[in-house]
Amino acid sequence: MSDHEQLMARAIELAELGRGKTSPNPLVGAIVVKNGKIVGEGYHQKAGSPHAEIHALRAAGERAHGAVLYVTLEPCCHYGRTPPCTKAIIEAGIREVVVAVTDPNPQVAGKGIKILQESGIKVQVGVLEEEARRQNEAFFKYIRTKLPFVTLKAAVSLDGKIATHSGDSKWITGEEARLVVHRLRAESDAILTGIGTVLADDPLLNVRLPGYQGRQPLRIVVDSSLRIPEESQLVQTAAQIPTAVAVVKGNYSWEKRARLEAVGVEVWELPAFEGRVDLKSLLSLLGQKEIMNLLVEGGSAINAALLEGGLVDKYIIFQAPLLIGGSDAPGVFGGKGFSRIKDCLRLSPVFTEKVGEDMMITAYPEWRSEA
């Protein structure tokens with residue numbers, strides 16, 4: 001790894017410290033280097049707060065003059081919630097800026113680099129670009145489409161079952177894998193599940209990490225006819241944790257809606273698709289609400305609808321070393337499935353990682369690389 005790459009790797013590492021806190025803004029890390037030594041570091045900590053470059057420049061102080069700035073995403077050049085970073089970089093006397101990846105935001109998209117170059121600052125782009133792009137995969141999708149990045153998570157047995165034929169599913173995976181799931185929740189803006197999972201498991205869908213004090217993600221239930229039990233954990237905790245139910249317009253009890261809203265549950269009316277909530281309309285609504293990272297923790301029915309609709313951007317499957325068996329035991333995906341192997345969804349790239357006694361498989365649909 002070159003010196004440039006090592007320094008950019010540190011900036012990417014810093015950017016990770018903001019995960020779960022910056023949405024709908026990107027994760028960004030920055031370091032100021034002078035005479036081969038890091039003299040200032042920073043990362044974007046929260047939407048509306050100073051950007052990574054500002055933190056790094058402030059930490060460097062006068063040492064920033066004549067130094068090199070490494071930043072994981074092209075510096076902004078417009079007034080948004082904060083002033084443009086390009087102005088601060090120029091005023092600090094930075095002589096060179098090394099950028100991992102250009103900003104997909106049309107308000108920036110190369111303009112920040114151009115402004116720096118026109119001010120006499122040398123700019124290099126593309127150092128650890130792939131790593132930086134993957135780090136901000138949700139932001140890249142959201143800024144281009146105004147739709148959330150959808151991650152579908154599932155826990156399965158070695159033979160692909162998510163529960164026994166009687167519906168028992170606790171616990172397929174071990175404690176280490178469950179901790180990873182709670183970290184995924186903490187990094188997400190919202191968690192989506194279906195009414196079938198609520199009726200079968202009565203989940204809480206909150207972050208339960210040791211010592212966690214961050215914000216709880218919005219919990220969303222796809223429930224076309226508003227069947228959610230008022231005594232469910234989701235409803236009973238709606239006053240403390242944001243909770244919404246997506247229903248088909250006119251397909252529910254107004255009296256029940258009033259009772260749910262009285263205890264803090266939001267009820268969203270959406271168009272129907274084949275008699276159920278139109279998931280594309282739901283994702284569009286979430287984008288309007290600045291939900292950038294969506295984690296799906298559903299059952300086979302909603303998983304199938306998302307698969308068939310081509311709505312999933314990333315799959316995270318935890319596979320446990322046990323066999324469940326049974327033709328009536330549900331798999332990850334219900335529905336009809338694909339009729340021909342050549343039409344099946346191919347996944348690439350695929351990454352595997354051992355988590356305790358389980359295997360964590362992270363995979364992307366091939367169509368994402370073609371988009």
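Two strands count as paired here if DSSP finds at least two bridges between them. Helices (H or I, at least four residues) and strands (E, at least two) are DSSP runs, numbered from the N terminus.

**Entry 1, ground rules.** I am reading a predicted model, in which local features need pLDDT of at least 70, side-chain atom pairs count only at pLDDT 80 or more, and totals for chains, interfaces and linings use all residues. Residues are numbered from 1 along each chain as its sequence is written, and side-chain values use heavy atoms, with hydrogens and water left out.

I looked up pLDDT, the predictor's confidence in each residue, from 0 to 100. The chain has a mean of 91, and 97% of its residues reach 70 or more. Confidence is highest in β8, at 98, and lowest in helix α13 (residues 366-370), at a mean of 62. Where pLDDT is low, the predicted coordinates should not be read in detail.

I traced an open sheet with the order β2-β1-β3-β4-β5 and mixed pairing. The edges are β2 (37-43) and β5 (122-125); each has a single partner strand, so one side of each is left without a neighbour in the sheet. On average, neighbouring strands of this sheet are turned by 15 degrees against each other, direction ignored. I found β3 and β4 running parallel, joined by five bridges, with Val68 opposite Glu96 in β4. Helix α2 packs on the sheet and touches β1, β2 and β3 (contact: heavy atoms within 4.5 Å). The direction of α2 makes about 140 degrees with that of β2; axes are lines fitted to C-alpha atoms, for helices over the stretch in contact, and angles run from 0 to 180 degrees between N-to-C directions.

A nonpolar core is a set of buried Ala, Val, Leu, Ile, Met, Phe, Trp, Tyr and Cys residues joined through side-chain atoms within 4.5 Å. Buried means under 20% relative accessible area, exposed over 50%, partly exposed in between (1.4 Å probe, protein chains only). The largest core has 44 residues, and Ile89 is among those with the most contacts inside it. Elements giving two or more residues to this core include α1 (3-15), β1 (29-34) and α6 (137-145). Not counting residues up to four places away in sequence, I list Glu53, Leu57, Leu69, Pro75, Ile94, Val97, Leu116 and Ile121 as touching Ile89. Another core lies apart from it, with 32 residues, among them Val222 and Val332.

**Entry 5, strand β7.** I checked residues 190-194: five of the five are buried, so β7 is largely enclosed by the rest of the structure. Ala190, Leu192 and Gly194 point one way from β7, and Ile191 and Thr193 the other way. Strand β7 pairs with β8 (residues 218-222) in the parallel sense over five bridges, and Ala190 stands opposite Leu218. The chain goes from β7 through helix α8 (residues 195-201) to β8 in a right-handed β-α-β crossover (with the strands pointing away from the viewer, the path from the first strand over the helix to the second runs clockwise). Three bridges join β7 to β13 (residues 293-296), also in parallel, and Ile191 stands opposite Leu295.

Pro217 sits in the loop between α8 and β8 and is buried, at a relative accessible area of 1%. Contacts of Pro217 beyond four places in sequence include Ala190 and Ile191. Thr173 lies in the loop between β6 (149-156) and α7 (175-186) and is buried, at 9%. Phe318 and Asp358 are among the contacts of Thr173 beyond four places in sequence.
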